[in-house]
Amino acid sequence: MTPTPYHRDMESTLGPWAPLPWFMTTAPSARRETITRPRLVALFDESVLAAPLTLVCAPSGYGKTVGAGQWAQGRARTGWLSGTSSAEAAALIRGGVLTVLPPALRQRVLTVDPNDPSPTIASTVAEMDDPVSLVIDDAHLLGPDALRTLLGSEPVLASGMLRLVLLGNASLEHSFARELVTGDARVVTARDLAFTSDEIAHAADLEGEGLLAVDSATLERETGGWPVAVRLRILASWERQRDGVPLPRALSSDEVDPLLTDYIEQSLLSGMPGDVASFVLDATTMSRLDVRLAEALTGRDDSASMLERCASDGLFLDRYVDPARGIVYRWHDAFAAHSRALLERRDPSRARELNLLAANLLARTFPVEALSHAVRVGAGALAVEIIRRSWLRLILESETRTLERMCLALPVEFQEIRDVLLIRACCRDLLLDPTGSEMFRARAAAVEGPGEGSFVQRFTELLLAPDPRSKSAAADAALVRLRAAEPGNDYVHGLFLLGWSEVRLRRDPARAIELLRSAVVEAENQRLASLAGVARSNLAFALTFAGSFTEAQQLLEELNPPPAEPVGDWDRFEGGLYGFSQGYLRYWRGELQEALTWFDTTVTAGGLDTSFAAIARVHSVLCVAQLRLSERYDEAEHSLAAVSTGYKHGMPWGSYRRIAAAHLLEAQGAKGRAMAVLEPLLQEEVVPASDALAAELFRRGGQPGRALAFARKLRPAARPAYVHVSALATLAALAFADGRRREAFRTLDRALTAAAHERLYRPFLADDQVFSELLETYASSGTPHERRMSEIFRLRTPAPAASRLTRREQELLGYLRTTMTAQEIAAELHVSLATVKTHIRSIYQKLGVNSRRGAVRSRR
């Protein structure tokens, strides 16, 4: 099916600080028969002025949307957001906040410099001069975590710049219990929203002459003032009063009252032309639809005019209007539910046909709603197929809990299908329940019959495989299955997951990059903006890991930095990817202080013990150790405790911890203990960079045999350029220490050549005596790498000396360590000889020396 404009708009809204579809940020148009409620408007005014957070909590049908819409109408600096469970909550909330930002601030947020931290909601609203208000309809659908973290944080509420009105069910009160106690939140309840006797009389007046016969006091007592029931009874009472039929009680939104169904049939639909009544019963199969969906459901090419007629006649249908993009309609839930019940009672086969049609129409873009239609008519096989087609996408969009609820909504006999059990295993794993995950995998393994080797099985195995060996086997099997993908298989999300897994397996970085490039293209072709963004981020990391730093940095600059606020369950694994990638390439370029800043920022944002925040902890400790930041040693040791010791998604977390712990011990002077910590890694298959770092440490610790053993583990074909450079630098230092000067210089020359393109200078920053003498001897003997050596010497400048020198002076000090004359340095830097001499005099003065030799050897 070709996606409708409504579907396409929804698919294009993903990502932080991105505008939302217009109908998500537009209040529904007021209907002709809607009464004005000054009492309710005054209550909203009072609450919004008294507290930064107003909770409007009541069941469906209590007029929350209508009441808030009347309050918001005509008020300056007030925005609207329609919540939904099918969108990623963080992106949706940010999109809502965008609508109330002043134009200049809104433009700044949307065009944030990729080099700057992504602005949080708290920091953004703090920049405003005047307070704004935002109404969020169906706020409970966004989830308590997203609401509390993004909107209910102390900085947001304390700023007073963002006044929030959240419409939803009673769960909102539980989510913001603390704010209710402290007075930061006020509640508008169902009792406040219920119609009074006077308002019921007013509503009856609006329905036309004759309806004034309604006893508003009795109706208030019998309905509890529930607005939707009041309206239905007003319409029904004109005929019912004469027959003495008692009116039903008010009901909760998830119940269908047979009497209300009777009223809809006998008092509403019976008074309509037959074609209109038939249209309503067909169209209410879906609660929300546009013209094309209505045409598909009803088979009528005049669906646009029929929808308009229903809306204008006040038939419980809200309109979300944008002059440029059309209209989206939403039936009131209670009316739609009773209408569906009526159709099922009248014509079960037609109801089944329409629900099956709705399930197929919505399966691609709204699988949750599609599943509800399939389950409603007992189409278990179709429901399972909807889950099979959408499970991977839902997981990657952090909708794991939604996916699990979908599985639980299946008829019981379909919940025991192998693929469903495997999907449940993935849900449990992602929701941090490894025991539950293992139980579901075992149950799936015990299921006999067809389905062995299915797309679901291959890709759930890929997600769940813990160690590199099983992960590699799962990736190979998934690749074979992907190449033979059938219609209905989620090819594009599978392609991404395969690339994602190959990056973490580290066995073929080039292959991982190819897969992720393809995933980016395919996601863009299918207008899957969220997946395209995630694939680009992972491609940037893959390029970083492979040592293609220049291309990785260009791609990172094109990406918007992710928000600092925590996000969904899949993002527990993705969170920190951007910051870690930025830090990692700087680390291997020898820009250790900048790398440390990026790693610290990533750690501060938080994450699991197997996330990018965890690997950032490891590298933060490595930076602290190499920079000899003794004041941070205790903190670094404590930080490592938050890193896993096992395997997850093929990553050897225990090895990472050992590497960082050993370097920290070395920095503290415990070289023997450091080498003992690393000894077990010699027999393990670990990350190439870990072997390279281990080789460096054993060389500095006076264990050349162990250093060579680790260096030899590094297969040239599989190691990234920075690992190759590190291995060569280690071999050069070993040769130099052994008196093989010519071999040492040749190897060092190869290392510098390999480091040149990506400026991979960290391996040359070792500050032990052997390596320092190697570099100084090599530089003083003449080298074709004068410029690179000067940059290395600049990076090696001790922090006390560097703090006294300007950036240009640090650069020039690096050249002074080479054999270049002042004239040659001037030519290299494209400045005059006089300028160079002025800089040299300044360097001598700041370092307290009076010669080039003294400057080179200065450690102050």
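Arg 288 has Arg 330 of strand β8 as its bridge partner. This is a predicted model, in which local features need pLDDT of at least 70, side-chain atom pairs count only at pLDDT 80 or more, and totals for chains, interfaces and linings use all residues. Residues are numbered from 1 along each chain as its sequence is written, and side-chain values use heavy atoms, leaving out hydrogens and water.

**Strands**
- Strand β6 (residues 288-289) pairs with strand β8 (residues 326-331) in the antiparallel sense over two bridges; pairing takes at least two DSSP bridges, and strands are DSSP runs of E, at least two residues, numbered from the N terminus like the helices (H or I, at least four).
- Strand β7 (residues 317-322) also runs antiparallel to β8, joined by six bridges.
- Leu 317 finds its bridge partner in Trp 331 of β8.

**Helix packing**
- Helices α22 (residues 380-396) and α23 (residues 400-409) pack at about 160°, with axes 8 Å apart; axes are lines fitted to C-alpha atoms over the stretch in contact, with angles from 0 to 180 degrees between N-to-C directions.
- The two helices, α22 and α23, are therefore roughly antiparallel (an angle over 145 degrees).
- On the α22 side, the contact (heavy atoms within 4.5 Å) includes Trp 391 and Leu 394, while α23 brings residues including Leu 403 and Met 406.

**Aromatic pairs**
- The whole structure holds 16 aromatic pairs, meaning Phe, Tyr or Trp (six-membered) rings with centres within 6.5 Å.
- Phe 580 and Phe 612 form a tilted pair, 6.0 Å centre to centre with 40° between the planes; stacked planes are under 30 degrees apart, edge-to-face over 60, and tilted covers the rest.
- Phe 580 sits in helix α33 (residues 577-588) and Phe 612 in helix α35 (residues 612-626), so this pair ties together parts 32 residues apart in sequence.

Terms used
Parallel < 35°, antiparallel > 145°, perpendicular 65-115°, else oblique.
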